[in-house]
4 protein chains.
Amino acid sequence: MNSIGNRLILTSYGESHGPTIGAVLDGFPSGFELDMDYIQRQLDRRKPGQSKVSTQRKESDVVFVDSGVFQAKTTGAPIHFYLHNQDARPDDYQELKEVYRPSHADFSYEKRYGYRDHRGGGRSSARVTAAWVAAGSLAQQYLESKNIKICAYVRKIATISMDDDARFYRLEEVDSSIVRCPNPELSKQMENLIAEAKENGDSLGGVIECVIQGLKAGVGNPVFDKLHAKLAHAMFSINAVKGLEFGGGFAMSERRGSEVNDSFEATDKGIKTTTNYSGGIQGGISNGMDISFRLAFKPTATIAKEQRTVDQSGKEIVLQAKGRHDPCVMPRAVPIVESMA
Amino acid sequence: MNSIGNRLILTSYGESHGPTIGAVLDGFPSGFELDMDYIQRQLDRRKPGQSKVSTQRKESDVVFVDSGVFQAKTTGAPIHFYLHNQDARPDDYQELKEVYRPSHADFSYEKRYGYRDHRGGGRSSARVTAAWVAAGSLAQQYLESKNIKICAYVRKIATISMDDDARFYRLEEVDSSIVRCPNPELSKQMENLIAEAKENGDSLGGVIECVIQGLKAGVGNPVFDKLHAKLAHAMFSINAVKGLEFGGGFAMSERRGSEVNDSFEATDKGIKTTTNYSGGIQGGISNGMDISFRLAFKPTATIAKEQRTVDQSGKEIVLQAKGRHDPCVMPRAVPIVESMA
Amino acid sequence: MNSIGNRLILTSYGESHGPTIGAVLDGFPSGFELDMDYIQRQLDRRKPGQSKVSTQRKESDVVFVDSGVFQAKTTGAPIHFYLHNQDARPDDYQELKEVYRPSHADFSYEKRYGYRDHRGGGRSSARVTAAWVAAGSLAQQYLESKNIKICAYVRKIATISMDDDARFYRLEEVDSSIVRCPNPELSKQMENLIAEAKENGDSLGGVIECVIQGLKAGVGNPVFDKLHAKLAHAMFSINAVKGLEFGGGFAMSERRGSEVNDSFEATDKGIKTTTNYSGGIQGGISNGMDISFRLAFKPTATIAKEQRTVDQSGKEIVLQAKGRHDPCVMPRAVPIVESMA
Amino acid sequence: MNSIGNRLILTSYGESHGPTIGAVLDGFPSGFELDMDYIQRQLDRRKPGQSKVSTQRKESDVVFVDSGVFQAKTTGAPIHFYLHNQDARPDDYQELKEVYRPSHADFSYEKRYGYRDHRGGGRSSARVTAAWVAAGSLAQQYLESKNIKICAYVRKIATISMDDDARFYRLEEVDSSIVRCPNPELSKQMENLIAEAKENGDSLGGVIECVIQGLKAGVGNPVFDKLHAKLAHAMFSINAVKGLEFGGGFAMSERRGSEVNDSFEATDKGIKTTTNYSGGIQGGISNGMDISFRLAFKPTATIAKEQRTVDQSGKEIVLQAKGRHDPCVMPRAVPIVESMA
């Protein structure tokens, strides 16, 4: 329920408006030298309120590790991270105690648990993903030591979209843009669109693309635990994700086999495919090409426009315009996708 | 690896060209009266070679159950199904023993296991899904006894697409068409397109839509085991699936929050949303609306056109046109999607 | 429920009086050359009716493998075994349909499933362990290729007991005795005692000892998945096991630390302990010494003496003396313990 | 590795000499009113240094809960507990950095992880069980609300043993004795023996008995997840446990079926067994009688007597008498057994 993974298992806890959020990472190899700054850098990338385009809520994203690491090396024991929540403002939510906000988890959560922690999103808040980023940044360090690199970037905000093929971008290329789209011109357009949406109290959806470089052929399983099935399980765990496609994805379903079959050829780096419509995965198993996939994020549900809905008794409620909202979760989601991939 | 599920666990075994394929279904409630014909009907729906539009290979799809059922009732013990493979023709594959067929799992599978069962697709073959259909048809019977109904249909073949909103269709509506698209006119067009592709030795991709009706609100989990994350794990287990979207999906990522937020209203059937962009799932938990999702299938990799590729030694190989292929796996995938949902 | 293991997973199915029992073994390494005769030999060792000391019921213990093996090598795919039940005699049990036999699972099983397959022990029958022996004999072959050897033998029948320290015995030493006690003199006494008990329609309990040789230091986990905790989970899965102790066990609990602490010494084979009260496991992790443990089996519940009990309605029933029973399950359990260890 | 349970999952973290130990409890029902004092009382029972018979090390056993509980009720979210370690005295262990202490996990742990946190027992320390007691005391509260009660008591210290049948004792009866043996006279003898052993720098083993009252018939599974197999997995997770027996246990293996078969009878409370050699479990499933089992604890490995051993280089080392040790872990283990049962 709150754990993911088989050999490397992440167990998450904490609510957005409780004192702390945290996670336990179990199964990490022993004797690995950790760069603690690396973890913090990823958390800083995730942090909201970094620019005019994202939410203004301040979150304290200083991560603490109090087990599983000794003298900067992993010990093989479970690694526990936590972050304090400094911006817990329960009062803000008091008036929403009995209201079902449109496209939030208020209603379904209440049906699930017979109960609602009205202080905020609780477990449904994107805040809990901060601990995933911490855990993921450990996994990323380990993978990088094996020359496996993960990159995620914003491909599309609303209808403004890159049309290049998926490819690996260096962190500097992604982070050079406030919206984390590596195309400078589109990045500027996206920024403006977000600013406009924000001014209008509205929010935007978008697409993040992730590319994994350096994974050798032969990773995955042919039946239920296909490599992409397990990535899908992880990716749909990220808040607001409503779609996922690998390689040629939905567009490929409009084509013919003769157009999109990936043929093999012998190269000086071994046997490779000439194209990569498969997104690096064939029959559920990596084939040594870049793994690539795209995630569709719905627009953030929290908007500052008037909305009609009902409360627990069924009484109609008009939600008034509010100041605080996050018009676009994309930039924050980029490090999460990297972490979860 | 070859099991899926938590409380109800399906363990699959068998290769396409071995003597048998089968599965063990564990955790099924005891005392449930099974309709064995229901299982066989679903297997018949899955069976290839039913029409000119699908592959001509004959498969014996008579399912046997030899444990977990006594006097037509489930006993609580694990239920074992199996089907004989009567059409195992290892000779057909002898010449492909060392060739990496384009977009097949030959290469990645060999890297994974250091070994290839060259008699056929082995575990990567769609043949193994027959046992999933058997297992799924048991689950479906149980769910129907709780008034939860699952329907899947072909929404799109190549570029021919329904543009209606997702909705529940009765089995007769789906099965009235050879391609299992409930729109008779489009169905005819799809049929013709498939016939044309087949004549040209080519294959087509498509999109299947699935709608689950009657699931009460409150099913799922808010963090890692979100209802759609678990469905995603299952759906990406189906061969040739390259994309998945829930509710508004990828299209919704181009919109604004004010356009696609699902508001709540009080109805005579309780609190419902006025729209269903969420696809029946909010915050990972069902909200009582129809669950809906779409799967993108790539075109079948096996085509009867000349293709270039390499063998294990890297030597270039030209695959010649062959008679046997399956231009479109969609109709067969429909019962699989129902089973896995 | 019906699966055990983490990386190597055994899923069991089948009832004692259904047509078949079987199992799926998932996660076995690919490319391993199997000796199929080895499997059959272990099944033959398990088979009842081998001598006057054990039950006369004939069981067909020819094992079939129909997946996961190709040209005598494992393929990495799940391995499915099955055995036919030729001695299913449902009539024998008809009269017991509503009776709760003393110390059988009839009552608890019925409470669990609301239902009883009165044809026999069903899933509770020791018959289902035949498939474990098959699976275990594959694992044993693999372990032996890594120089890890498992031996199990009868240490005690009723009060006749070996008092030697646990040690590794070769298969020939164990099998030289009909009761599988490697001490010839005690073996003879045990045999006579069993014959006497049988004549009196009674059954006997006993203790099996298991020694694992060649496991390197460092296997196991310090907290929940301690090596002996996982062995315990497996061992208590064997029917009729009521006790388990490692190394010094219960006797050690009467001693002082200064008497039973295992000190380390440097030897020409590396660092070893001078004694082995720990049974080869310290802090849940193997220390390179022999792993040793003992299992207490209760007397077989099926006896041929008159017994009083009740039926489903609470009516008192007198069970009459019957011809068929198994006075001592020990010899059959020996290969099961080897398989499960 | 560091998690246990299926529906209710405990994930443990922390080392004895790090800043904190803690655990996450996932799957606890929502809306349950917790008595936080109950948790603290159990931790106080576990705390060492309560009397002259147990170790003098002070541990801060104030438990903090920072998620999963809101307004004293569980929310359904994972519950995170932690305790600070105030008595971390790394200096004490500096000189043991390279020594393999007899019957400790130093050697096996180092082989497992290629690394040793020489500050203390690390994950192997009994200190980590404090968080299990916290978690267990939540589970106990829930079970008590369903009228299921768990009791554990010291049955035996060295050779001083109760010879009564296992039965349920009230908490006051157990806690009236410093050594937690409910027999006042034996309790006094045990206390004296422990004092004597302590004076001689030695330690003692013993046996704890656990009785679970009120569990209805029908809980458990007939094959691998037998109720006692799962209890065994949990019980062998407790430090220093070397043996476990249910009901008649090892003694029953010396008897005949006619002597120890549990017959059924109709009583005014329903169908019961006349005796309880089965320890409340038949065929892996509870039968509605008291569940009873006994755990053998080896003597604490830490003693204050001179001992010979070696260090990492194989050099012989004489461990000198030290002041601090715990002659008997029994009283502390009692609440752990209750928690884990």
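Trainee: Is the crossing of α1(C) and α4(C) left-handed or right-handed?

Mentor: In this predicted model, the crossing of α1(C) and α4(C) is right-handed (the near helix is turned clockwise from the far one by less than a right angle). Residues are numbered from 1 along each chain as its sequence is written, while chains are lettered from A and ligands numbered from 1 in the order written. Local features need pLDDT of at least 70, side-chain atom pairs count only at pLDDT 80 or more, and totals for chains, interfaces and linings use all residues, with side-chain values taken from heavy atoms, leaving out hydrogens and water.

Trainee: Which residues of α1(C) meet α4(C)?

Mentor: C:Tyr38, C:Ile39, C:Gln42, C:Leu43 and C:Arg46 do so, and their partners in α4(C) include C:Val133, C:Leu138 and C:Glu144 (contact means heavy atoms within 4.5 Å).

Trainee: In what order do the strands of the open sheet in chain C stand?

Mentor: The order of its five strands is β1-β2-β3-β7-β4, with antiparallel pairing (strands pair with at least two bridges). At the edges stand β1 (3–4) and β4 (64–65), each with a single partner strand, so one side of each has no neighbour in the sheet. Two bridges join β4(C) to β7 (residues 79–84), and C:Phe64 has C:Tyr82 in β7(C) as its bridge partner.

Terms used: Helices (H or I, at least four residues) and strands (E, at least two) are DSSP runs, numbered from the N terminus.
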